[in-house]
Amino acid sequence: MKQSRLLRVLLLSSFFSILFFIMRVLNQRDLEYWYLNWNLVLAWLPLLFSVILVGRLRRSGWSTWQNIVLTVLWLGFLPNSFYIMTDFIHLQHTLNATLLYDVVLILSFTLNGLLLGYISTFMVHNEIKKRYSTNVTNAIIGGVFLACSFAIYLGRYLRWNTWDVIINPAGLLFDVSDRFINPGAHGQTFSTTALFFVFITGTYYIARELAAIMQLKKPVKAKKK
């Protein structure tokens, strides 16, 4: 029941983002920012994988090959959920006449991406917490966010995407290894990764704490007349 209600809310939220885009197309007669819709589709994939994974974990162990594949797919597509926030960089090419609208447009897609990414992470986080200690669980989630932050750098600055893991693994491996072999020549790599890591991890922690506080809050009883 809760999952179906959550799904409806997320779909409605995504619908409003797409509606904002359609309204811009009708008003400006161009398809600028079309990629926001594609990025939103990619942001939905980790949630899909996490839902399937959690459902399977109730019936089987994590070590089955199906669950391992689902975990890899979830981890591989998760950075796309957070990557949408980097699309604000395109505002530098926006005309002053549409600047405010475009800020709201990108913000809408960004919030949806963060929601989808955090909810899918929350689901996997809870499953890990059932199997490991709090410290180990936090370390694993921290490692996931660190990998996502590095992937955001690879996507924004080096233009790599999730599909290149299969299409061009050699080229991707070369660029990644070069940044660790010659760290001094790639200072932006680590500063950008650290920036997104702090933001993603901090926001996730705050969201979890707020959710826990709201759950602990006792309902107010209506006064008798």
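**Notebook: cores and aromatic pairs**

I began with the largest nonpolar core, which has 24 residues, and found that Phe82, Tyr118, Phe145 and Ile200 touch the most other members. A nonpolar core here is a set of buried Ala, Val, Leu, Ile, Met, Phe, Trp, Tyr and Cys residues joined through side-chain atoms within 4.5 Å. Buried is under 20% relative accessible area, exposed is over 50%, and partly exposed is in between (1.4 Å probe, protein chains only).

A note on the source: this is a predicted model, where local features need pLDDT of at least 70, side-chain atom pairs count only at pLDDT 80 or more, and totals for chains, interfaces and linings use all residues. Residues are numbered from 1 along each chain as its sequence is written, and side-chain values use heavy atoms, with hydrogens and water left out.

Next I looked up Ile200: leaving aside residues up to four places away in sequence, Ile200 touches Phe82, Met85, Tyr118, Phe145, Ser149 and Ile152 (contact means heavy atoms within 4.5 Å). Apart from this core lies another, of 19 residues, including Phe21 and Leu105.

Then I turned to the rings. I searched the whole structure and got 15 aromatic pairs. Rings of Phe, Tyr and Trp (its six-membered ring) pair if their centres lie within 6.5 Å; planes under 30 degrees apart are stacked, over 60 edge-to-face, and the rest tilted. Phe49 and Phe77 have ring centres 5.8 Å apart and planes at 45°, so I logged the pair as tilted. Phe77 also pairs edge-to-face with Trp163, at 5.4 Å centre to centre and 70° between the planes. Phe77 counts as buried at 8% relative accessibility, while Trp163 counts as partly exposed at 38%.
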